[in-house]
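Try each task before reading its solution.

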Amino acid sequence: MAELLQQVVIGLASGSIYGLLALALVLIHRATGVINFAQGEMAMFSAYIAWQLVQWGIPYWLAFAGTLVVSFAGGVAIQRVVIRPVESAPVLTVVIVTLGLLLIFNGLATWLWSGEVRTFPANRPFPTRTFEIGGVVINVQDIGIILVTLGLVGALWAFFQFTKAGLALRAAALYPDSSRLVGIRVGWMLAVGWGLAAALGAVSGMFTAAAFPPLEPTMMQAVLIYAFAAAVLGGIDSPGGAVVGGLALGVFLNLVGTYADDLQDLGFPIDLEGLRLPVAFVFILAVLLVRPQGLFGRAAVRRV
Amino acid sequence: MRHGWLGLRIAGVVAFVVLIAILPNFLSDFRASEFARVGIFFIALTGLQILTGYTGQISLGNGAFMAIGGYVSAILILGRPGLEASQLEAPSWLPVGDGMKDIWTIPIAALVAGVFGFFVGLPALRLRGLYLALVTFALAVSIPLILREPETLTGGTNGLNLFGTTEDRLTGAIDNSVHIPVLDKDLTFNDWTYYLAWSIGLLGLAVAWALLRGRPGRAFRAVRDSEVAATSSGVSLASYKTLAFAISAAYAGAAGALLTIVSTIVTPGSFPVFLSIQLLIGVVIAGLGSLVGLFLGALFIYYLPVGIQELAEVGSLPDGLQDAAKSPGMPSVIYGVVLILVMFVLPRGAASFLSKVSFPLTKRL
Amino acid sequence: MQALHGISLSVDDGEMVAVLGPNGAGKTTTLRAVSGTVWRRGEVLFDGKRLPRSAERTAKLGIGHVPEGRGTFSELTVLENLRLGAYTRRNGVGDDLDRVFGFFPWMRDRRDQSAGTLSGGEQQMLALARALMGRPRLLLMDEPSLGLAPLIVREIFAIVRRLNEEEKLSVLVVEQNAAVALESSNRAYLLEAGQVALEGPSEELARNEDVRRSYLGY
């Protein structure tokens, strides 16, 4: 039982990472109707920026905040410069553009920081020691990740619910034409959406570097797939769903990995441990087949 | 089709075929092998065009079908003796013989991949647009990992090496000389791969053209343009959608088999996610629904990464860019930037530009 | 596709002007051209100054547009809709809310209700209230009577008329319901096939033979 709880906590921590990236994906999809295939690479690039800031002697949490600001600005710039020109182009064109961004960020990270293994200093962002409650061993880092994630999600929710800008953002995403009539500059609102998403992705990237060192250009590729799975599970337009989906997926995948050996002993033919990615894939597929709108999404009526 | 146009079109096709046939005479051996790979891309693109350009189903996973074709071909070429020689083993229930000539594995690889594609097409029925893109993307990421697992069959991370095979199965790979009895000519291995790839490519193109002209083609386009209209006019959506998946997978499987034969080795790394992305890029560059554009699409996706590197070696870039272009990661960046710029200028691909200059081989709706 | 073929109209300070005409005459396009929602060739002068070509900046200058089909933010609450109406305003939003609640008392009680669950008439009132929250100097209304019961239509026009008379709010209203539009307005234009066919004081148009036969039903 203790073992189970331990694995659940670990799963919640990795689930937080997936949930943050999934939230970023959902934000952009809600705002601009686009699936940003480059979200993972952008997050990875942000993590490298954080690392670089720390290398330059900036204290970790200051670097963390600085990275958020830079990532936010980057997201805004990308929407204005790269996405806006193809706003009215066919869906596939926009997909290709985000794939182009994927290649650019991947290449830039390799070019700027190639070669050696890079890690953040020890005990950053959170101490990696463990403590024990009633026989259950828990890592402080995991708790830190979970709490910061919940805090961020809460802050974001409050922003959307209670502030004028948040309200304007919601309106601009849902009803761009009517929003213009009340004076909302819809284009910039969408850009802010991309900025927020980039900042969330940055947190996901920085936590990934902490939880699954070392820092390397390919580190967010699997996380992106898991984030897709989480977003689909929660409902591609539901921010809350994305977070819940991420947490659930994290726990699920971790349990699968932990008990894969036991499953094999019971006669299950394949070793699932190395197959977490394909498992996530099958998972996405299953959810889309059974309930295409996800747990919290609204069903779109399709009459054919 | 008006008669004037018809004459021009036939002339264009003939010119194209002749060009393909005589090109190796003007190319170095190395370039011939490059063009063979362009041909391999061309085959995979033709299949994807049918799926994405004609029925409108976005697939970011056709690299996975190539992988299946590639592995099937390798396993068949090696046969049980070959597998044993590499300390591998095929399960007894698999119809693996004692080793097959490489050319004959191509249609089989296509068939197996096609069946696979059919089964992917079934759940795809319920997915549309970006969801389908997501799922196929996940497929592309997963397949290299899945292929690592049954190590005794696939050779795990090391893959399958064909070099140990006897001469009569691997055409020309070992002595670099292929004798063509009909023409009484000797070809180098690279020239032979060029002709093999492009013969299949042209054959595939002809088949696609015939398909798309006929009833399946009209049905495909009906599916893409309006599902409501298609169903109400009696077109069975489901069967055509899965058929399109199967066909595109078959083409990809043939391409994958060819790639294995040409490289004489296949590993999980032969079919990375990037490959699937490249295929989709190729179709969009070509222009959705255009068969003529596919040639340009294949050239683009093959040569852009290669070209950046080659330009850097040759030194014809301005100084600042020179060093940058050679360093790891830069080619990727340049590729991405070029891609985005091309999308800005030609959001509908080369076809929109081409159709003002010439015309597509099939009648475009 | 060009909907208007050279029109010219004006609204004087404190006037209420109606634009009538059959479907497809270009009435909605006229309003959209003013608010900057569609591309236009030619100039729109507001207070003697040219209006910008973007809807957002036009709204900021004091032009409130109540679009065809209401355009309410259905997933947001009544209060959120109203607050968004005051988006361009910096202070005094609280007073504006009170004013609006004065015109539509029911909104105060149901402010947390989702706008999408309101009836057609209530949504039209909400759309109007939202535009008023911006303290506009010119109100553009597009087919407010569409799909509404006659009683509600009268109520809405009565409120608009009141605003026009008491606060000198200039109004340009596009309407298919010629009767109620001519009753409430000072002047009117008749648009047909993208051009102005007739214009003049509303009472005159109401007495005009052709207008009566085609648009007033008698």
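Predicted model: local features only at pLDDT ≥ 70, side-chain atom pairs only at ≥ 80, totals over all residues.

**Exercise 1. Which two chains have the most contacts between them, among the two pairs of chains that touch?**

Residues are numbered from 1 along each chain as its sequence is written, and chains are lettered from A and ligands numbered from 1 in the order in which they are written.

Step 1. Of the two pairs of chains that touch, chains A and B have the most contacts.

Step 2. Chains B and C share no contact, and their closest C-alpha atoms are 23 Å apart.

**Exercise 2. Work out how helices α5 and α8 of chain A run relative to each other.**

Step 1. Locate α5(A) at residues 140-162 and α8(A) at residues 186-211. Helices (H or I, at least four residues) and strands (E, at least two) are DSSP runs, numbered from the N terminus.

Step 2. Their axes come within 11 Å and cross at roughly 175°. Axes are lines fitted to C-alpha atoms, for helices over the stretch in contact, and angles run from 0 to 180 degrees between N-to-C directions.

Step 3. This angle makes α5(A) roughly antiparallel to α8(A), a label used for angles over 145 degrees.

Step 4. A:Q141, A:I145 and A:L152 of α5(A) make the contact with A:V203, A:F207, A:A210 and A:A211 of α8(A). These residues divide into six nonpolar, one polar and no charged.

**Exercise 3. Is C:V173 buried or exposed?**

Step 1. Find C:V173 in strand β6 (residues 170-174) of chain C.

Step 2. Apply the rule: a residue is buried if 20 or more other C-beta atoms lie within 10 Å of its own, exposed if 12 or fewer, and partly exposed in between, with C-beta atoms placed from the backbone.

Step 3. C:V173 counts as buried because it has 27 C-beta neighbours inside 10 Å.

Step 4. Beyond four places in sequence, C:V173 contacts C:A18, C:M141, C:P144, C:A181 and C:S185. C:M16 is 157 residues from C:V173 along the chain, yet their C-alpha atoms are separated by 7.6 Å.

**Exercise 4. Describe how strands β7 and β8 of chain C are joined.**

Step 1. Strand β7(C), residues 187-192, pairs with strand β8(C), residues 195-201, in the antiparallel sense over six bridges (strands pair if DSSP finds at least two bridges between them).

Step 2. Within the pair, C:Y189 stands opposite C:E199 of β8(C).

Step 3. The two strands form a hairpin with two residues between them, and C:A193 in the turn has a positive phi of about 50°.

**Exercise 5. What share of the residues in chain B is buried?**

Step 1. Chain B has 15 helices and four strands.

Step 2. Of its 365 residues, 51% are buried.

Conventions. Contact = placed C-beta atoms within 7 Å. Parallel < 35°, antiparallel > 145°, perpendicular 65-115°, else oblique. Nonpolar A, V, L, I, M, F, W, Y, C, P; charged D, E, K, R; others polar.
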